[in-house]
Amino acid sequence: MNTVQHFVNGKIWAGNSGRIADVFNPALGTATAKVALASAADVSDVVAVAKAAQVRWGAQPPAKRATVMFAFRDLLLRHIDELAPLLSREHGKTLADAKGEIARGIEVVEFVCGIPHLLKGEYSEQVASQVDSFSIRQPLGVVAGITPFNFPAMVPLWMYPVSLACGNAFILKPSEKAPSVVMRIAELLHEAGLPAGVFNVVNGDKEAVDAILDHADIDAVSFVGSTAIGQYIYSRGTANGKRVQALCGAKNHLVVMPDADMEKVVDALIGSAYGSAGERCMAISVAVPVGDETADRLIEVLAPRVEALKVAPFDDPASDMGPVISRQSLDRILNYITEGESAGAKLVVDGRWVKLQGYEEGFFLGGCLFDNVTSDMSIYKDEIFGPVLSVLRAKSYDEAVGIINAHEYGNGTSIFTRDGDTARDFFTRVRIGMVGVNVPIPVPVAYHSFGGWKRSLFGDHHIHGMEGVRFNTRLKTMTTRWPSGIKEGAVFNFHAGSDTKG
Ligand code: NAD
């Protein structure tokens with residue numbers, strides 16, 4: 001069985017921990033590979049490599065760093081058909097989904113191809129008599145990324161292209177559940193011309209993460225994952241003096257106004273609630289129809305579409321969604337469904353019957369739809385991270401906004417309406433980081449920034465876009481006085497010890 005190791009100093013490295021874990025194919029429900037788990041000493045070795053490599057890389061002109069990103073973009077595009085199955089085999093998502101996430105990641109690489117422009121500073125002439133002031137952005141040093149299983153390629157790509165282009169060295173600690181695709185991408189990045197040691201992949205679990213959080217030579221940590229872990233990463237990382245951004249869990253609502261086009265709403269919900277088996281931080285997990293009549297129409301059109309979803313392994317071209325990531329995750333979701341039923345919610349579509357021939361041990365679950373959900377139920381309060389959509393009926397638009405604003409998470413939300421006033425009021429009042437109007441998953445493009453509010457993000461910066469550039473650089477501001485003492489016939493001597501007086 002193949003063991004996924006680490007990628008350090010431009011090559012595969014076994015590390016010295018001797019610890020390994022299983023990597024599953026969730027469609028089969030069996031382990032199909034192993035992954036090395038780094039020790040604190042392994043992490044320390046990698047930090048030393050990264051720190052040494054950063055010195056020259058950070059001193060390169062930004063335009064030189066951009067040439068690596070241009071070549072990297074090209075290689076990713078050429079290898080997308082090879083990368084997608086590597087990703088899907090461990091995650092379970094369809095090939096179309098895998099290609100989609102790689103394509104979104106490539107957009108970040110495209111964004112940083114313009115890094116010379118993005119790093120341009122500000123200059124103020126004559127802030128006082130003969131005094132000028134200017135600001136520049138310099139690299140931080142060594143930055144680490146800790147990423148979740150659900151976007152094994154895209155979420156790391158939100159981080160390291162920006163960080164590298166800004167002149168940092170980067171250490172990526174991917175999810176131990178889906179580690180293979182980043183290892184291949186690391187090779188492509190080096191083929192693109194990145195010097196050895198500037199980008200490194202350390203596989204591991206809590207031991208590696210804690211070593212990253214405690215290492216004095218790591219300047220900043222980007223984290224994406226669940227809220228409980230993100231809050232821990234933020235507290236421990238910042239207590240150690242690091243800059244930390246932690247993008248976390250979510251519960252995303254889609255408001256359906258009475259004037260919305262119901263076919264479009266249902267199309268949007270099918271993709272955003274059930275795509276990738278609901279394992280997206282921007283998945284819509286709550287629909288909030290306004291008025292009982294809207295709610296009844298929604299259920300009538302939506303229920304048969306949820307029943308018709310085809311659940312199948314990633315390499316079945318007809319698959320709408322694959323399995324969830326693990327047995328533990330499946331059990332957790334099943335538990336929520338039981339809790340929802342006993343709390344009095346109506347299970348309109350029950351996906352628990354799904355069984356696939358030849359994949360009896362796979363972690364499959366069909367689409368589930370709950371109606372009459374209330375805000376005190378665990379299926380509403382918690383992030384389920386599976387193909388389960390709750391319908392929470394609101395009596396009025398104001399009640400819908402109040403429900404969303406009262407939720408502890410604030411990642412994304414959307415409203416479907418034909419009324420401009422309502423849409424404008426919605427995106428003004430709602431306390432959420434990313435807002436859509438007639439768009440189901442309002443994920444910002446790479447040159448805007450991605451991030452939630454409330455307990456969906458700890459830290460001050462959103463990720464990629466200009467927020468990513470700010471997170472990955474330190475601002476330095478100079479104030480200079482050059483007395484205008486140039487006299488006619490002045491002679492300047494540049495010998496050591498001489499002054500410049502004519
Ligand atoms: P997770 O929190 O379990 O794992 C994320 C990372 O943290 C992994 O690399 C993992 O190895 C590490 N980790 C896990 N337990 C740890 C511990 N006890 N101590 C230190 N490190 C630990 O998340 P996941 O299950 O891989 O991913 C799903 C979660 O990620 C969901 O909550 C989802 O909403 C969230 N997510 C958020 C965003 C966003 O942008 N807000 C994007 C994608 C996913």
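Q: Where is the place of aspartate 371?
A: This is a predicted model, in which local features need pLDDT of at least 70, side-chain atom pairs count only at pLDDT 80 or more, and totals for chains, interfaces and linings use all residues. Residues are numbered from 1 along each chain as its sequence is written, and side-chain values use heavy atoms, with hydrogens and water left out. Strands (E) are DSSP runs of at least two residues and helices (H or I) of at least four, numbered from the N terminus. Aspartate 371 sits in strand E16, residues 368–371.

Q: Is aspartate 371 buried or exposed?
A: Buried means under 20% relative accessible area, exposed over 50%, and partly exposed in between, with a 1.4 Å probe and protein chains only. Because aspartate 371 has a relative accessible area of 4%, the residue counts as buried.

Q: With which side chain does the side chain of aspartate 371 make a polar contact?
A: A polar contact is a pair of N or O atoms within 3.5 Å; within protein, one must be able to donate a hydrogen and the other to accept it, and residues adjacent in sequence count only if both atoms are side-chain atoms. At 2.9 Å, the partner of aspartate 371 is the side chain of arginine 393.

Q: Which residues is aspartate 371 in contact with, leaving aside its neighbours within four places in sequence?
A: Contact means heavy atoms within 4.5 Å. With those sequence neighbours set aside, the residues in contact with aspartate 371 are Ile299, Ala345, Lys346, Val348, Val391 and Arg393.
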